[in-house]
Amino acid sequence: MKITNIKITPIAIPDVPLANTKGVHQGVFLRAIIEMETDNGHVGLGEAYGAKRTLAGLRKLAPDLIGLDPMDLHDLRRRAEASLKNDGGVNAPTALADHKVMDVAYSAFEIACLDIQGKHFGCPMYDLLGGAVRKTIPFSAYLFFKFKKLPQYPGPDIYGEVMTPDALVDQARDLVTTHGFKSLKLKGGVLDPDQEIETMLKLRDAFPDHGLRIDPMGAWTVPTAKRVCDALGDTLEYLEDPVKGMDAMAELSALIDIPLATNLVVVEFEQIFEAVRKDAVQIILSDHHYWRGARGAMHLGEMCRASNLGVSMHSNSHLGISLAAMCHVAAATPNLTYDCDTHYPWCKHEIVKGGRRVFKNGCLDVPEGDGLGVELDTDAVAELHDLYNSAQVQDRDDTDEMLKYIPDYVRVVPRW
Ligand SMILES: [Mg+2]
């Protein structure tokens with residue numbers, strides 16, 4: 001079996017102004033859709049970030065994959081390293097973590113290869129990853145403070161302005177009622193820490209049996225984070241990236257009993273050793289988009305088991321190909337015991353046939369078709385590709401976008 005053609009289509013999807021400590025989401029989010037064809041008629045799908053550095057990496061590597069056997073993922077890795085070793089990271093300089101173009105491009109094509117493998121052998125992707133230890137995947141409600149959507153942006157707003165603790169609790173109530181989520185994660189680092197403490201305590205009152213998390217993305221100093229932990233006591237199942245950098249995480253970790261999770265200080269295998277040595281984190285967030293694909297996410301799970309670390313799952317804004325891959329990874333990771341993050345409810349569009357997936361009791365069933373188990377809706381992709389061409393947005397920069405809402409905004413991390 002040989003790869004004969006790879007099509008990469010950038011798309012833009014209407015987004016809403018979700019706030020975080022470094023800024024706010026733009027009017028659209030960007031994805032790249034991959035269609036990988038083989039000489040025996042299979043088409044493997046992939047979904048990657050769509051901002052300019054990722055897109056350039058995908059487009060640079062794709063021609064080098066013609067003739068590759070999609071079974072040979074070591075050869076895929078060799079070709080990715082040969083093509084992209086010196087191509088740097090994917091994120092804007094204002095982002096709080098970066099991922100190598102090489103790893104992100106490899107990950108995207110690895111998923112397409114696994115989709116082909118599943119179609120070739122007639123089995124779901126999770127079977128290629130060792131089998132499903134669970135077939136119902138629980139997700140958490142991803143709560144955001146947000147601005148009202150600017151009128152010039154495409155698509156509807158969702159929930160309007162949410163900038164107070166009470167409005168945030170209303171948002172949570174609606175997400176739980178609509179989707180049945182059993183855990184709640186707040187993107188923190190937006191309001192003053194005292195207001196975010198108030199928010200979490202109000203969430204605890206409103207949802208006494210739900211797992212609660214907050215992710216301020218390094219917005220707090222160690223003393224501020226300690227104060228937040230003292231106020232919230234054992235309200236949290238974990239605290240995600242409260243302070244910036246490995247050493248600050250280690251310093252805080254020594255002061256508190258709440259487990260610390262991260263998708264900022266441990267984003268590559270090599271960083272796990274330092275994190276364990278310093279006891280800087282107790283949970284690592286998996287993400288097949290940069291942890292070297294679905295098989296890399298399996299390896300991360302095994303390294304976490306061996307290191308006595310927990311595993312949870314990270315999310316960026318995404319559509320149904322990524323969602324399917326996330327479900328397969330979650331199905332095949334025995335120690336992924338926390339509800340997975342997802343931005344999915346913050347979008348109304350879909351690019352796979354059958355339309356939007358519907359959560360039941362906060363869960364999705366892992367797709368049972370061959371490979372990823374999803375088919376591309378080419379009309380939907382064409383429509384969002386047109387939006388990509390007209391939206392004039394080719395990179396993600398939340399900090400630059402924030403100036404449209406707060407003209408004198410200055411990115412400061414940590415802020416409090
Ligand atoms: Mg995070």
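Tutor: Happy to! Helix α5 (residues 165–179) lies across β7 and β8 (183–187), running at about 155° to β7. Axes are lines fitted to C-alpha atoms, for helices over the stretch in contact, with angles from 0 to 180 degrees between N-to-C directions. Contact needs C-beta atoms, placed from the backbone, within 7 Å. Helices (H or I, at least four residues) and strands (E, at least two) are DSSP runs numbered from the N terminus.

Student: What should I know about the model itself?

Tutor: This is a predicted model: local features need pLDDT of at least 70, side-chain atom pairs count only at pLDDT 80 or more, and totals for chains, interfaces and linings use all residues. Residues are numbered from 1 along each chain as its sequence is written.

Student: What's the strand order in the open sheet?

Tutor: The seven strands run β7-β8-β9-β10-β11-β12-β13, with parallel pairing; a pair needs at least two DSSP bridges. β7 (141–144) and β13 (310–313) are at the edges with a single partner strand each, so one side of each has no neighbour in the sheet.

Student: And what stands opposite Ile 214?

Tutor: Leu 239 in β10.

Student: Switching to α2: which of its residues are buried?

Tutor: Leu 73, Leu 76, Ala 80, Ser 83 and Leu 84. Buried means 20 or more other C-beta atoms within 10 Å of a residue's own, exposed means 12 or fewer, and partly exposed is in between, with C-beta atoms placed from the backbone.

Student: What do they pack against?

Tutor: α1 (52–61), α3 (101–121) and α10 (293–306). On the other side of α2, His 74 and Ala 82 are exposed.

Definitions and conventions:
Contact = placed C-beta atoms within 7 Å.
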